[in-house]
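Subject: Structure handover

Hello,

Here is the structure I promised to pass on. Please open it alongside this note; what I found follows below.

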Amino acid sequence: MPYEPPDFFDIESLLSEDERMIRDNVRQWVDERVLPIIADHYMAGTFPGELIPEMAEMGLLGASIEGYGCPGLGAVAYGLILQELERGDSGVRSFASVQGSLVMWPIWRYGSEEQKKRWLPALHQGETIGCFGLTEPDHGSDPGGMETKAVKRGAGYVLNGAKMWITNASMADVAIVWARLDGDVRGFLVEKGTPGFSAVKMEKKYSLRASDTSELVLQDVEVPADSMLPGAKGLKAPLGCLTQARSGIAWGACGAALACYDEARRYSLQRTQFDVPIGKFQLTQAKLAEMLTEITKMQLLNLRLGRLKEEGKASPAMVSLAKRNACHESLRIARDCRGILGANGITAEYQVMRHMCNLESVLTYEGTHEIHTLVLGQAITGLDAFR
Ligand code: TGC
Ligand code: FAD
């Protein structure tokens, strides 16, 4: 049965023809290529790497980057791509978010012309895979406490430290590693195969199972001087990348909620108990009404955030509000949908439980719910409650 996403407030009419076309192409690709294989990858704990060339072929990797062979799409078109990818699975969207917003964007924003020419076309074409190493075993919400160090040696630098929970890392050809050099946070492009540099896959996850999550280990890793991103200095450099990725996550989480809502709505019309479809019960209808309301709010918020971003008017706190709300509400929606499906909801025959488990990570990564609450608290009061 074809997917029937809700559009209760005619948001369709606020999209351009190009935006609709881009979204519909990705939607069809997700139906044809992602949904048939994703449950098996999820159960096996493997990322569907076979999809990378297809995503690249469609121009989805770093789609919002200007120049260097990239299409330079607007924030709404890019958001719609991520929404559709996460309707398939958060792991597929995460792959694209990291490649585009956390690897290509920092190279585009902070890199030298040589670094841009060398890396951006290959990353866009999916010939090169990247990852972003900010989180450390002892510093997650507080990346400013990072212990990974760079010291100048000869013409280059030597890196020592560890990064944890790094998406795409064990398949990455290049890692952006954030480290302190003489007290300042700096970004380094570290290539796979550099002696002392390794990625160890993190197994036994209950969430984001169709995503590569690894630890990066750096032991006396020598990198050349031109591996440093010249325009990135201070914690605001990696935090600026997070602002890019977080707005995409707001769209993505909405995609997961749309998938769950569509599945639960259909199920409620087909499944009968007490001789009537379960959708006839007021308690089921109350759940669906709540979901539709929250999805509609998310859709409107994301669209407005995207338009503000296109006008250069979106602040990091606005992005925090959208990311925080979308993750929180999508997770609640996924849990309610799981309930509507009863016992069937826990099986891989349906999507709801996979999305629900994924959204637990999406709520945590790119700034936890609590961290975004405090970002908003600071925006409201002017007072920093992080410490
Ligand atoms: P603070 O003193 O507030 O800020 C330091 C400097 O950074 C600036 N800044 C930002 N700039 C751009 N975007 C933002 N979102 C920014 N937030 C802060 C700030 O203006 C300041 O600039 P300047 O010029 O004064 O130096 O820093 P703090 O140490 O107090 O920390 C603030 C806090 C807690 C909000 C920040 O550390 C934070 O966001 N923590 C959460 C960490 C996080 O989100 N990590 C994510 C890792 S990557 C990931 O999870 C990928 S998941 C895979 C996927 O995306 O699919
Ligand atoms: P902690 O910071 O230890 O937080 C634990 C709890 O304490 C949370 O509930 C938090 O909200 C709360 N807390 C912390 N500080 C405060 C405070 N000041 N006030 C109130 N409560 C607080 N990182 C990367 O760098 N690159 C990646 O590609 C990447 N991919 C990821 C993929 C997955 C699947 C996951 C799960 C994580 C990934 N991360 C990545 C890491 C992610 O960004 C961190 O997990 C996240 O920032 C939270 O850090 P933490 O897990 O260390 O939790």
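A salt bridge here is a side-chain nitrogen of Lys or Arg within 4 Å of a carboxyl oxygen of Asp or Glu. Keep in mind that this is a predicted model.

**Salt bridges**

By this rule the count comes to 23 salt bridges. Side chains of opposite charge can pair when their charged atoms come close.

Start with glutamate 19 and arginine 307. Their side chains form a salt bridge, with N to O at 2.9 Å. The two residues sit 288 residues apart, so this pair links distant parts of the chain. Glutamate 19 belongs to helix α1 (residues 17-44), and arginine 307 belongs to helix α7. Is glutamate 19 buried or exposed? Glutamate 19 counts as buried, because its relative accessibility is 8% and the cut-off for buried is under 20%. Arginine 307 is partly exposed, with a relative accessible area of 21%.

Next, arginine 354 and aspartate 89. The closest N and O atoms of this salt bridge are 2.7 Å apart. Again distant parts of the chain are linked: the partners are 265 residues apart. Arginine 354 is in helix α9, while aspartate 89 is in the loop between α3 (75-88) and α4. Both residues, arginine 354 and aspartate 89, are buried.

Then glutamate 290 and arginine 332. Here the salt bridge has an N to O distance of 4.0 Å. Glutamate 290 lies in helix α7 and arginine 332 in helix α8 (residues 316-340), 42 residues apart. Glutamate 290 is partly exposed at 41% relative accessibility. Arginine 332 is also partly exposed, at 37%.

Finally, the network. Arg27, Asp31, Glu84 and Arg87 are joined into one network by salt bridges that share partners.

**Ligand 1**

There are 25 residues around ligand 1. Ser94, Thr243, Arg246, Glu366 and Gly367 come nearest. Look at the run from tyrosine 365 to glycine 367. An N or O atom in the side chain of tyrosine 365 is 3.3 Å from an oxygen atom of ligand 1. For glutamate 366, a polar side-chain atom lies 2.8 Å from an oxygen atom of the ligand. For glycine 367, a polar backbone atom is 2.8 Å from an oxygen atom of ligand 1. Taken alone, ligand 1 exposes 1,100 Å², and the protein buries 72% of that.

Which elements give two or more residues to the shell around ligand 1? They are α4 (90-110) and α6 (236-270). The most comes from α6, with seven residues.

**Ligand 2**

The shell around ligand 2 holds 17 residues. Thr135, Ser141, Trp165, Thr368 and Glu370 come nearest. One is from phenylalanine 132, where a backbone N or O atom lies 2.9 Å from a nitrogen atom of ligand 2. The other is from tryptophan 165, with a backbone N or O atom 2.7 Å from a nitrogen atom of ligand 2. Threonine 368 uses its side chain: a polar atom there lies 2.7 Å from an oxygen atom of ligand 2. Taken alone, ligand 2 exposes 980 Å²; the protein buries 68% of that.

The elements giving two or more residues to this shell are β5, α9 (352-364) and α10 (369-381). With three residues, β5 gives the most.

**Strands around β5**

Strand β5 (residues 156-167) pairs with strand β4 (residues 149-153) in the antiparallel sense, over five bridges. Lysine 152 stands opposite tyrosine 157 in β5. The two strands form a hairpin with two residues between them. Glycine 154, in the turn, has a positive phi of about 60°.

β5 also runs antiparallel to strand β9 (residues 213-223), and eight bridges join them. In this pairing, glycine 161 stands opposite leucine 218 in β9.

**Surface patch**

Phe8, Phe9, Leu14 and Leu300 make a nonpolar surface patch of about 430 Å². Leucine 300 lies in helix α7 (residues 282-310). Leucine 300 is partly exposed at 34%, so leucine 300 clears the area cut-off.

Best wishes

Key. Residues numbered from 1 in each chain as written. Chains lettered and ligands numbered in written order. Predicted model: local features only at pLDDT ≥ 70, side-chain atom pairs only at ≥ 80, totals over all residues. Heavy atoms only, no water. Patch = residues over 30% accessible without salt bridge, like charges linked within 9 Å, V, L, I, M, F, W, Y side chains within 5 Å. Areas by Shrake-Rupley, 256 points an atom, 1.4 Å probe, with all protein chains shown as cover. Helix = DSSP H or I, 4+ residues; strand = E, 2+ residues; numbered from the N terminus. Buried < 20%, exposed > 50% of the residue type's maximum accessible area, 1.4 Å probe, protein only. Pairing = 2+ DSSP bridges. Near = heavy atom within 4 Å. Polar contact = N/O pair within 3.5 Å; in protein donor to acceptor, adjacent residues only side chain to side chain.
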